[in-house]
Amino acid sequence: MLELLQIDAFTDQPFAGNPAAVCFLDGPRPDEWLAAVAREMNLSETAFLLPEGDGWLLRWFTPAVEVKLCGHATLASAHALWGTGRLRPEETARFHTLSGLLTARRRGEEIELDFPCHDVQPAEPSPGLTEALGLTSPPCCVGRYGEDFLLELESEAAVLALAPDFRRLGALEPRVRGVSVTARASRPDADCVSRFFAPAAGVDEDPVTGSAHCGIGPYWLEKLGKDSVRAYQASARGGWLTIRREADRCLLAGRAVTVLSGRLAATADSGPPQ
C-alpha cells in the first residue's frame with residue numbers, strides 16, 4: 001500500500017486554503033494510473049512523489065490533465081516530507097518537475113517555495129473572455145503570463161462579485177489554461193486579492209493558486225513598489241500567500257495543515273477500468 005495524505009495548503013486552519021492529495025510512490029507508475037488516482041481523489045491537484053537523485057520527482061495531476069506547475073500541491077508535498085520524517089526540519093525539499101528544479105524551505109511558521117517568475121505582458125483578451133467572466137465594466141489591465149491571462153479590476157468588490165460562465169470560459173479559442181482576476185485589496189491585512197478560474201484544466205475555480213501568483217505577485221510588487229506583498233485569494237475557502245522576488249525567481253510563502261492520512265490500496269498492479 002502507498003501512503004496518501006490530504007493537506008490544506010496556504011492556510012493554518014483545516015478545511016480552508018486549497019486541499020491537495022500527496023501520494024508517495026514506491027516506483028514508477030503509468031501515466032494512466034496516475035491520472036486515475038487523481039480522478040479518484042477529485043481535488044484540484046494530486047501530487048505524486050518518487051525519490052530521485054538528490055531530491056524527489058514531483059508530478060501534478062488535476063482530475064482532467066497533468067499540469068506543468070502547481071504551487072499549493074508543492075507546498076503540500078514539502079509539508080508532507082517534513083511531517084512524515086522523510087526530511088529533517090532544517091533540510092531543503094528539492095523537487096524535479098516539468099518546470100525544472102523547485103525548492104522549498106521552512107521560514108519561521110511558513111514554507112517558502114522557490115518558483116520561476118512570470119512577468120505579465122500586455123495582451124488582447126481572447127474573444128469572449130470578458131463576456132465569459134461576466135464583467136460589467138472594462139478591466140483596468142489585461143495581460144498574459146505563462147499559460148494564463150491576468151485581468152486587473154477596479155476594486156476588490158468587483159473581484160468578489162464575479163460569477164463566470166464556466167462552460168463558455170472553458171471553451172474559449174485559442175484555449176486558455178487559466179484566468180487570474182485581481183485587484184488592489186480594500187481589506188487592511190492584504191495588498192491584493194484575486195480569484196483564479198481554470199475550467200479548461202478541469203478546475204472551475206481554484207481555491208488558492210500558487211502558480212498563478214508567480215504572475216500576480218510580480219505584477220503587484222512592481223505596481224505597489226514593495227519588497228513583498230501579502231496576497232489573499234478570495235475563493236469560498238480562501239487562502240493567504242506572502243510573495244517576494246529575487247531576480248527571476250518568485251518566492252511564495254504560506255502554511256499548510258494535514259487533514260487526512262491513509263493508505264492507497266489500489267497500487268502495484270492496479271489500473272483504471274478498461
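**Salt bridges, cavity and surface patch**

Across the whole structure, a search finds 20 salt bridges. The model is predicted, and the values given here are computed from it.

**Charged pairs**

- Arg244 forms a salt bridge with Glu112, and the closest N and O atoms of this pair are 3.0 Å apart. Distant parts of the chain are linked by the pair, since Arg244 belongs to strand β16 (residues 239-246) and Glu112 to strand β8 (residues 110-116), 132 residues apart.
- Asp119 pairs with Arg245 in a salt bridge whose closest N and O atoms are 2.7 Å apart. Because Asp119 lies in the loop between β8 and β9 (121-122) while Arg245 lies in strand β16, the pair ties together parts that are 126 residues apart in sequence.
- Asp119 is partly exposed at 38% relative accessibility, and Arg245 also counts as partly exposed, at 33%.
- Glu152 forms a salt bridge with Lys223, with the closest N and O atoms 2.6 Å apart. This pair links strand β11 (residues 148-152), which holds Glu152, to helix α6 (residues 213-224), which holds Lys223, and the two residues are 71 residues apart.
- Glu152 is buried, with a relative accessible area of 7%, while Lys223 is partly exposed, with a relative accessible area of 43%.
- Through salt bridges that share partners, Arg107, Glu112, Arg244 and Glu246 are joined into one network.

- The structure holds 1 cavity of 30 Å³ or more, and the volume of the largest cavity is about 140 Å³.
- Its lining consists of 18 residues, of which Glu45, Arg177, Phe196, Asp206 and Thr209 lie nearest the centre of the cavity. The elements that give two or more residues to this lining are α2 (71-83), β13 (192-198) and β14 (203-206).
- By residue class, the lining of the largest cavity divides into 8 nonpolar, 7 polar and 3 charged residues.

**Nonpolar surface patch**

- Phe15, Val259 and Leu260 make a nonpolar surface patch of about 310 Å².

How values were computed. Residues numbered from 1 in each chain as written. Predicted model: local features only at pLDDT ≥ 70, side-chain atom pairs only at ≥ 80, totals over all residues. Heavy atoms only, no water. Patch = residues over 30% accessible without salt bridge, like charges linked within 9 Å, V, L, I, M, F, W, Y side chains within 5 Å. Areas by Shrake-Rupley, 256 points an atom, 1.4 Å probe, with all protein chains shown as cover. Salt bridge = Lys/Arg side-chain N within 4 Å of Asp/Glu carboxyl O. 1 Å grid on protein atoms, 1.4 Å probe; cavity = no way out; pocket = protein on both sides within 12 Å on 5 of 7 lines; lining within 4 Å. Points joined across faces, edges and corners; volume = space filled by probe spheres on them. Helix = DSSP H or I, 4+ residues; strand = E, 2+ residues; numbered from the N terminus. Nonpolar A, V, L, I, M, F, W, Y, C, P; charged D, E, K, R; others polar. Buried < 20%, exposed > 50% of the residue type's maximum accessible area, 1.4 Å probe, protein only.
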